[in-house]
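Below is a set of questions and answers on how labels are assigned in one protein model. Each answer sets a value against its cut-off.

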Amino acid sequence: MQLSSSEIRRQVEALGPWFHNIDLAGVETAPGHFLGNYPYVKWRKFADAIPADLTGRTVLDIGCNAGFYSIEMKRRRAERVVGIDFDDAYLAQARFAASVAGVEIEFRRLSVYDLGLLGEKFDVVLFMGVLYHLRHPLLALDIIRDYVAGDMLVFQSMQRGSDAVTVVEANYPFWEREHFDEPGFPKLHFVEHRYADDPTNWWIPNRACVEAMLRSAGFSIISRPEDEVYICGLAEVPDGCGLPGATTRQA
């Protein structure tokens, strides 16, 4: 889309407010972001952990927001990129940003709980900054594992609490309680009302909880290139875990 800077700026203002700050031909969509140049400031810390050439690969961006990561995946020559979100305003921003960037991306209004409707698996799945906005976070990971994850999962979640990771036993006696108070024991903090003035912030895990949830859903952690970002592969879903009746059990 060939637009002048003033035309782009008018569209950016009309589609605002933006959470993703994206440079659209010299026009920033959220220059005053409280996190700085976000999400670029985070992206630059783990970009090298994702293949620089995605030729022939398919990518699913879950909770794509304004499409920053979807656009970056297309710039790495991914054959097909699908971005999904449940917010029509974000999808409108994403479609506009992609058109200005000159990349072809399929954006769809879809909930993470309905990923089975896509009917396909993707080589790379991005699940960035979504987990803590969900009422049912572990269900979402199970759905991703069984329905859309074909090879690599790039996962990110806000974390609070200790960064320590305690080695958890396979079982504990009923009367043993001390381990629950250890800083490195997996904990998922529930937000009943609001956090950061956002009513959609429901659950905030500590590091140990993030890693335990990923393993429980059938993902193997390959690397942690940034404090909140994990590069994961597929692993066998542990017995008793996953979706009831699901057939995808092996890596």
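Q: Why is leucine 35 called partly exposed?
A: In this predicted model, leucine 35 has a relative accessible area of 40%. Buried means under 20% and exposed means over 50%, so leucine 35, at 40%, counts as partly exposed. Leucine 35 lies in the loop between strand 2 (27–28) and helix 2 (40–46).

Q: What makes Phe19, Phe34 and Leu35 a nonpolar patch?
A: Patch members must have over 30% relative accessible area, and nonpolar side chains are joined within 5 Å. Leucine 35, with 40%, passes the area cut-off. Phe19, Phe34 and Leu35 have about 320 Å² of accessible area together.

Q: Why does alanine 49 count as partly exposed?
A: The relative accessibility of alanine 49 is 27%. The buried class is under 20% and the exposed class over 50%, so alanine 49 goes in between, as partly exposed. Alanine 49 is found in the loop between helix 2 and strand 3 (58–62). Its C-alpha is 6.8 Å from that of proline 225, although the two are 176 residues apart in sequence.

Q: Why is valine 81 called buried?
A: Valine 81 has a relative accessible area of 2%. Buried means under 20%, so valine 81 is buried. Its place is in strand 4 (residues 80–85). Alanine 98 is 17 residues from valine 81 along the chain, and their C-alpha atoms are separated by 11 Å.

Q: How do you know that cysteine 232 is in no disulfide?
A: A disulfide needs two cysteine sulfur atoms within 2.5 Å. The nearest cysteine sulfur to cysteine 232, that of cysteine 209, is 14 Å away, so cysteine 232 is in no disulfide. The structure holds 0 disulfides. At 1% relative accessibility, against a limit of under 20%, cysteine 232 also counts as buried.

Q: How do you know that cysteine 241 is too far from cysteine 209 for a bond?
A: The sulfur of cysteine 241 is 13 Å from that of cysteine 209, the closest cysteine sulfur. The cut-off is 2.5 Å, so the pair is too far apart for a bond. Cysteine 241 has 25% relative accessibility and therefore counts as partly exposed.

Conventions. Residues numbered from 1 in each chain as written. Predicted model: local features only at pLDDT ≥ 70, side-chain atom pairs only at ≥ 80, totals over all residues. Heavy atoms only, no water. Buried < 20%, exposed > 50% of the residue type's maximum accessible area, 1.4 Å probe, protein only. Helix = DSSP H or I, 4+ residues; strand = E, 2+ residues; numbered from the N terminus. Patch = residues over 30% accessible without salt bridge, like charges linked within 9 Å, V, L, I, M, F, W, Y side chains within 5 Å. Areas by Shrake-Rupley, 256 points an atom, 1.4 Å probe, with all protein chains shown as cover. Salt bridge = Lys/Arg side-chain N within 4 Å of Asp/Glu carboxyl O.
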